[in-house]
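Subject: Handing over the structure

Dear colleague,

Please find the sequence and structure below, as promised.

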Amino acid sequence: MALPFLVSAADIVTFQACRRRYLYSRKWRALRWLPKLLLDACLRQGIIDLGQGKPLADVISSATTRFYGAASSPGLDLPPGIDPYKLAIDHIACLETLLTTLSRRPLATTIPVKSKVLFSEAEWAFTSYQDANGELHRTITVSDYGEDTLTREMHSWYVVGDICVAKKPMHLHFIEIGQIRDGRRHTPWCKAMEHAFIAKRIKFQNKGAKPLQGNWKSVWLSESSVWKAEDWCDVLFHEDVPDTLMHDVVIEVPSKERVADTLQQILIEARSMQEWEQAVQNPNLVPMTRAACDFPYTCSFVPCCYGPQVDVDVAGLGIYKPRLPTTIVP
Ligand code: SF4
């Protein structure tokens, strides 16, 4: 008897965005990380480790070592002209302050959720984590938080799929991390305004507030010989920045009818994915979904679809590695 077809929210999102990307993504992984996705991966593991009571220093060390290692080799996936070193050290500073901040706030102990077989045909791989009550948790970093961000996330497969399969509420933990501009990440997690004449005096620019007047200049935690993450976080807390940038929302389980309908939708998509995989050997024979190439971020398979060769030797490009069948993308 065939094993159930392993499917996650990420697979459905990819499948619905672009069939060609889905087919590539089932076999290949890009070697280079987008900085935000690498930050997310390191942060999520750090949160689990903190929740399990590991010492903060060890958690920060593992997270930043992982980020630095991946950013050094194979490197970050960046547009030309961006200094990878500066961007990497900003993200490492963010990891230090985020994990330090989280260690000072109540944090649930969470563990990965065991995958669940649906209708004996599909097996749902969760991307959220579970606390001692079985409730789900998902941490999401966003440039900016608002109604649009919340609605988009609430409607996503990552949230609806996991909730309906587990039949448990989900705690969404949003963290605003600002934008990357001019090759730097602009967020209080790694950037502040420092007074030119008063020693060790920094302020964080409040959202929407007018720029500070007077003798203030930008200071980056990653470049400061004066500031350490712990002291930086003291000031963050003093100015209530964590409460401004961190937002927790609970999403309840929908009605029984809605849950049953969602599980049916998952089954339909899982069957369809399986048929596509069996029918199409070469993803390049599938028409491109061009609207998905650059939104919400640049697709990692752009080099396959926009290079000079139509019949691409993916392995030969040297920027992908084979995907293990069990790899789940959060
Ligand atoms: S580059 Fe565009 S067409 Fe090609 S796989 Fe990605 S989203 Fe699809």
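Two strands are said to pair if DSSP finds at least two bridges between them, and the strands (E, at least two residues) and helices (H or I, at least four) are DSSP runs, numbered from the N terminus. Residues are numbered from 1 along each chain as its sequence is written. Please keep in mind that this is a predicted model, in which local features need pLDDT of at least 70 and side-chain atom pairs count only at pLDDT 80 or more, while totals for chains, interfaces and linings use all residues.

I begin with the open sheet of three strands, which has the order β1-β5-β4 and mixed pairing. Its edge strands are β1 and β4, each of which pairs on one side only, and neighbouring strands are turned by 35° against each other on average, direction ignored (axes are lines fitted to C-alpha atoms, for helices over the stretch in contact, and angles elsewhere run from 0 to 180 degrees between N-to-C directions). Strands β1 (residues 5-8) and β5 (residues 122-125) run parallel and are joined by four bridges, with Ala125 of β5 as the bridge partner of Ser8. On the antiparallel side, β4 (residues 116-118) pairs with β5 over three bridges; here Lys116 stands opposite Trp124, and Val117 stands opposite Glu123. These two strands, β4 and β5, form a hairpin with three residues between them, and Phe119 in the turn has a positive phi of about 55°. Helix α10 (residues 256-279) lies across β1, β4 and β5, running at about 120° to β1, where contact requires that the C-beta atoms of two residues, placed from the backbone, lie within 7 Å.

The other sheet is an open one of five strands, in the order β3-β6-β7-β8-β14, again with mixed pairing. Because β3 (111-112) and β14 (246-251) stand at the edges with a single partner strand each, one side of each is left without a neighbour in the sheet. Strand β3 runs antiparallel to β6 (residues 129-130) and is joined to it by two bridges, Ile111 standing opposite Gln130. Helix α7 (residues 157-166) packs on this sheet, touching β7, β8 (170-176) and β14, and its direction makes about 175° with that of β7. Helix α3 (residues 35-51) lies across β6 and β7 (136-142), at about 145° to β7.

As for the interior, a nonpolar core is a set of buried Ala, Val, Leu, Ile, Met, Phe, Trp, Tyr and Cys residues joined through C-beta atoms within 7 Å, a residue being buried if 20 or more other C-beta atoms lie within 10 Å of its own. The largest such core has 71 residues, and those with the most contacts inside it include Val7, Ala63 and Phe67; helix α5 (residues 84-103) supplies its largest share, nine residues. Leaving aside neighbours within four places in sequence, Ala63 is in contact with residues including Cys42, Leu43, Leu95 and Leu99.

With best wishes

Terms used. A residue is buried if 20 or more other C-beta atoms lie within 10 Å of its own, exposed if 12 or fewer, and partly exposed in between; C-beta atoms are placed from the backbone.
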